[in-house]
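Try each task before reading its solution.

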Amino acid sequence: MGAKPTIRDVAKSAGVSLTTVSYVLSGRHGGTTRISEATQERVQAAAKELGYVPNQAARGMRRGKTDLVAIAIGDLEWPWDRALASAAARILPEHGYQPVILLGEGWRRFMLSGGADGAIVGTLPPGTLLDLTVGELARRGVAQVVISDAMQPAGFDVLAPGANSEATVAAPASDALEGAVKLLLDRLAGRTIGAGTTIAAPWQFRP
């Protein structure tokens, strides 16, 4: 198999400049730049034919926003992790975000490289007092919701399932983890927790 096609390959195939390809594939509109429909169609056809896929991380760095949310989980066979992934997949697209489900430790490098606008972290083992990755992301101002019974909020939000609760092992209700997703959406929108904010049971927000 050949190398992954680049934006230069698309520009060469379509017979246009790199700037034109970037403008067309980014979906930007308005401004002073005017590109004919024929040229746009040629660029899009070239990208499709070559199988070009934009580098989401690089694009996010240019825009300052990725429109992605990382969902860090340990095992899709675990009912709570599966419920979290399902809730994220159902709710986030309605608010303009796409979930990226990350199993195991991969979320750390992904988030530290600026891979997503925010994260819901559900993989921290019991007894974790402060995760270094969570702490570093908090210092950067990245929105995070951490599911943990031991950690305390420190520039991020904590939802505690209750270490001794049967809810941590039994299959949750279909909407039990909506609270985690909606809490992160509030943070991404710049809203803070205040009177009247409801977190889906059995979560208890720690102020």
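The exercises that follow concern a predicted model.

**Exercise 1.** Find which residues of helix H3 are buried, and explain why they line one face.

Solution. 
- Start with the extent. H3 covers residues 37–50, 14 residues in total. Its first and last C-alpha atoms are 20 Å apart, close to the 20 Å expected.
- List the buried positions: Thr39, Val43, Ala46 and Ala47.
- Look down the axis of H3. The buried residues fall within an arc of 100°, so they line one face of the helix.
- Recall the helical repeat. An α-helix has 3.6 residues a turn, so residues three or four places apart point the same way.
- Find the partners. The buried residues of H3 pack against helix H1 (7–14) and helix H2 (18–26).
- Turn to the face away from the buried side. Glu37, Glu41, Lys48 and Glu49 are exposed there.
- Step past the end. Just after H3, Gly51 has a positive phi of about 75°.

**Exercise 2.** Identify which element gives the largest share of the largest nonpolar core.

Solution. 
- Size the core: 23 residues, with Ile71 and Leu84 among those touching the most other members.
- Name the suppliers. Strand E1 (68–73), helix H5 (79–91), E4 and helix H8 (178–188) each give at least two residues.
- Pick the top one: H5, with seven residues.

Methods. Residues numbered from 1 in each chain as written. Predicted model: local features only at pLDDT ≥ 70, side-chain atom pairs only at ≥ 80, totals over all residues. Heavy atoms only, no water. Helix = DSSP H or I, 4+ residues; strand = E, 2+ residues; numbered from the N terminus. Expected span 1.5 Å × (residues − 1). Buried < 20%, exposed > 50% of the residue type's maximum accessible area, 1.4 Å probe, protein only. Arc of directions from axis to C-beta. Contact = heavy atoms within 4.5 Å. Core = buried A, V, L, I, M, F, W, Y, C linked by side-chain atoms within 4.5 Å.
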